[in-house]
Amino acid sequence: MKTRRSPETDLHDAIAFSLLPKIGCGAFRIGVERHGSAALALRATDTTPERQEALDRAGELIANAGKASASILLQGEPGYPEPLLDLSDAPCFLYALGNRDLTAARR
């Protein structure tokens, strides 16, 4: 039986994928396009010490964002500012404070 993953787990895995060595903004976008999501791209990588370090670091970043009451906006997900996607090296994720709906208001 297949277990459903939570959005929090997918966010954690996606941030970890962005933190892997040799995964910059361009490779992040390619991985997402190839695998369907950043979380799936991470799962497609080899199990290496770097992968576990990235998972640990992603947990720290998410916890610190929570302490600051910041949201994390993941590239390609709802809430991520669409104009940034026109950049060849758009950030993999952003931190946001305040009303996330305002990111869609400015065009």
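Which residues in helix 1 meet helix 4, and which residues in helix 4 do they meet? In this predicted model, the helix 1 side of the contact consists of Leu11, His12, Asp13, Ile15, Ala16 and Leu19. Their counterparts in helix 4 are Ala54, Leu55, Arg57, Ala58, Gly59, Leu61 and Ile62. Classified by residue type, the contact of helix 1 with helix 4 contains nine nonpolar, two polar and two charged residues.

Helix 4 spans residues 49-67, and helix 1 packs with it at an angle of about 120°, the axes lying 8 Å apart. Angles from 65 to 115 degrees count as roughly perpendicular and those over 145 as roughly antiparallel; helix 1 and helix 4 are therefore oblique to each other. Their crossing is right-handed.

Helix 1 also packs with helix 2, here at an angle of about 135° and with the two axes 9 Å apart. This angle makes helix 1 oblique to helix 2. Helix 1 passes helix 2 in a right-handed crossing. From helix 1, the residues Ala14, Phe17 and Ser18 take part in the contact, meeting Ala27, Phe28 and Gly31 of helix 2. The residues of this contact comprise four nonpolar and two polar, with no charged residue.

At least two lining residues are supplied by each of helix 1 (7-19), helix 2 (25-35), helix 3 (38-43) and strand 1 (71-74). Helix 1 provides the largest share of the lining, with five residues. In terms of residue class, the lining of the largest pocket divides into 11 nonpolar, four polar and six charged residues.

Terms used: Residues numbered from 1 in each chain as written. Predicted model: local features only at pLDDT ≥ 70, side-chain atom pairs only at ≥ 80, totals over all residues. Heavy atoms only, no water. Helix = DSSP H or I, 4+ residues; strand = E, 2+ residues; numbered from the N terminus. Nonpolar A, V, L, I, M, F, W, Y, C, P; charged D, E, K, R; others polar. Axes fitted to C-alpha atoms, helices over the stretch in contact; angles between N-to-C directions. Parallel < 35°, antiparallel > 145°, perpendicular 65-115°, else oblique. Left-handed = near helix turned anticlockwise from the far one by under 90°. Contact = heavy atoms within 4.5 Å.
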